[in-house]
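Here are a few notes to read with the model open beside you. They go through the two ligands and then the record's annotations.

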Amino acid sequence: MVAEASPQRQAELAPYTDPDTGKVNLLGLSAERMEAFFAVLGEKRFRAQQVLKWIHHLGAEQIDDMTNISKKLRANLNEIAEIRAPEIVMQKDSSDGTRKFIMSVTSGSQIETVFIPDGDRGTLCVSSQVGCSLDCSFCSTGKQGFQRDLKVSEIIGQVWLAAKSYDSLMPGADRRVTNVVMMGMGEPLLNFDNVVDAMNLMRNDYGYGISKRRVTLSTSGVVPALAKLSSVTDVSLAISLHAPNDELRNELVPINRKYPIELLLATCRQYMDDLPDTHRVTTVEYTLIKGVNDSTAQAQELAILLKDFPCKINLIPFNPFSLSSYEKPGQNTIKRFQTTLMQAGFITTVRTTRGDDIDAACGQLVGQVADKTRRSARYQQKQVDESVVRIIK
Ligand code: SAH
Ligand code: SF4
């Protein structure tokens with residue numbers, strides 16, 4: 001019995017064991033780690049593949065669901081392992097088809113995940129941290145401060161739960177997660193190892209089999225982490241630029257003081273050059289804020305800045321939230337900004353706001369339900385219920 005595992009076996013299992021639960025969470029093991037874990041148990045590689053398929057293709061919630069695994073091995077696994085996902089606290093559908101989830105990830109912390117269907121495409125916006133330490137001036141997640149990094153199981157668990165909510169893990173289902181953007185709460189490059197493991201599971205055929213162009217990491221510019229990204233993944237890249245010069249970007253995106261624009265653009269270019277395939281471009285995200293970064297002169301300055309940088313530009317009209325005095329520009333201003341960039345030769349899209357009626361729009365992630373203080377479980381539940389009511393209203 002594994003319950004009586006030798007100290008040596010326990011030491012071998014330690015790297016796979018979640019210290020919070022004392023168990024191995026199979027949901028959070030990348031393909032490589034799953035193989036290594038089964039090697040510790042003296043099992044062959046195909047066991048790892050079977051378990052990955054049970055969890056990610058078929059949505060298995062219990063080890064005992066895995067009927068092509070021997071009873072003896074299942075009993076052993078039940079002693080040392082489990083499948084543990086975040087808990088969905090709220091699920092809300094918008095009239096435009098957008099589905100928003102608020103998920104609880106231990107000790108009252110909550111994260112948000114949003115599914116955005118668009119024709120054949122289903123994009124899932126995934127969180128990487130609870131809160132964020134980078135404090136961009138226009139971001140409601142930043143206003144919550146940083147609580148903690150998400151575990152691999154909590155990042156991939158968002159994909160697993162969203163897919164299961166549509167009963168759509170099977171190929172051919174109507175609503176499928178075809179694209180993932182790491183644009184929920186948090187700065188993915190500050191939770192590097194866990195985000196990379198989770199993205200590799202999204203990409204892996206025994207995981208979700210999503211192509212490299214359909215998984216996008218968005219960063220505000222953590223340059224040292226970006227510099228090592230191409231050695232571990234080949235996903236698409238988006239950078240949160242938001243300003244055409246360092247003076248303004250220092251104000252909006254404080255990490256710019258450490259890693260200014262020129263260095264950020266050079267590091268992105270290096271990432272793209274390191275990838276074996278050609279024609280990959282960076283998406284430049286630019287949140288348009290009324291009277292701050294939305295003038296025609298600033299659009300022209302942006303066009304000059306990005307003249308030789310292979311990119312497409314995504315303009316995101318600012319989403320207001322209660323702690324911010326910034327405003328969204330009018331339609332004409334947005335159109336003028338877009339036209340200026342397009343005339344300069346840039347592919348420029350304006351992100352349409354989705355899920356307006358359920359506060360699922362970008363930048364409104366969880367702010368209202370953040371509960372950073374430690375309270376009794378009962379009080380926490382009351383807070384969640386009240387917050388959910390506020391969001392649904
Ligand atoms: N930390 C990463 C990813 C999460 S933020 C990053 O900064 O890139 C995802 C995107 O939403 C970023 O481009 C961010 O700038 C944008 N965003 C944040 N708050 C917003 C708001 N209130 N309105 C519009 N876009 C916002
Ligand atoms: Fe963090 Fe991104 Fe928000 Fe900046 S925009 S505070 S990096 S989540």
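1. Before going on, some ground rules. This is a predicted model, where local features need pLDDT of at least 70, side-chain atom pairs count only at pLDDT 80 or more, and totals for chains, interfaces and linings use all residues. Residues are numbered from 1 along each chain as its sequence is written, chains are lettered from A and ligands numbered from 1 in the order in which they are written, and side-chain values use heavy atoms, with hydrogens and water left out.

2. The backbone takes part too. A polar backbone atom of Gly186 is 2.9 Å from a nitrogen atom of ligand 1, and a nitrogen atom of ligand 1 also has a backbone N or O atom of Asn319 at 2.9 Å. Taken alone, ligand 1 exposes 530 Å², and the protein buries 95% of that (accessible areas come from the Shrake-Rupley method with a 1.4 Å probe; for residues, only the protein chains shown count as cover).

3. Now the shell around ligand 1. There are 22 residues around it, with Phe138, Gly186, Ser218, Ser240 and His242 coming nearest (a residue is near if one of its heavy atoms lies within 4 Å). By class, 10 are nonpolar, 10 polar and two charged; Ala, Val, Leu, Ile, Met, Phe, Trp, Tyr, Cys and Pro count as nonpolar, Asp, Glu, Lys and Arg as charged, and the others, Gly among them, as polar. Strands β11 (215–219), β13 (282–288) and β14 (311–317) each supply at least two residues of this shell (strands are DSSP E runs of at least two residues, helices H or I runs of at least four, numbered from the N terminus).

4. Where is ligand 2? Ligand 2 sits in the largest cavity, and the space taken by ligand 1 is that largest cavity. On a 1 Å grid over the protein atoms alone, a cavity is a set of points where a 1.4 Å probe fits but cannot get out, and lining residues have an atom within 4 Å of a point; a molecule sits there if more than half of its atoms lie within 2 Å of the grid points.

5. Residues around ligand 2 include Cys132, Cys136, Cys139, Gly186 and Glu187. Cys132 is in the loop between β8 (129–131) and α5 (140–143), while Glu187 is in the loop between β10 (179–182) and α7 (192–203).

6. Finally, the record. UniProt's unreviewed entry gives "binding site" at Cys132, Cys136 and Cys139, and the lining of the largest cavity includes Cys132, Cys136 and Cys139. The "active site" feature, also from the unreviewed entry, falls at Glu112 and Cys362, and that lining takes in Cys362 from this set. Glu112 is in strand β6 (residues 110–118). Bear in mind that such annotations may be inferred rather than shown by experiment.

Terms used. Polar contact = N/O pair within 3.5 Å; in protein donor to acceptor, adjacent residues only side chain to side chain. 1 Å grid on protein atoms, 1.4 Å probe; cavity = no way out; pocket = protein on both sides within 12 Å on 5 of 7 lines; lining within 4 Å.
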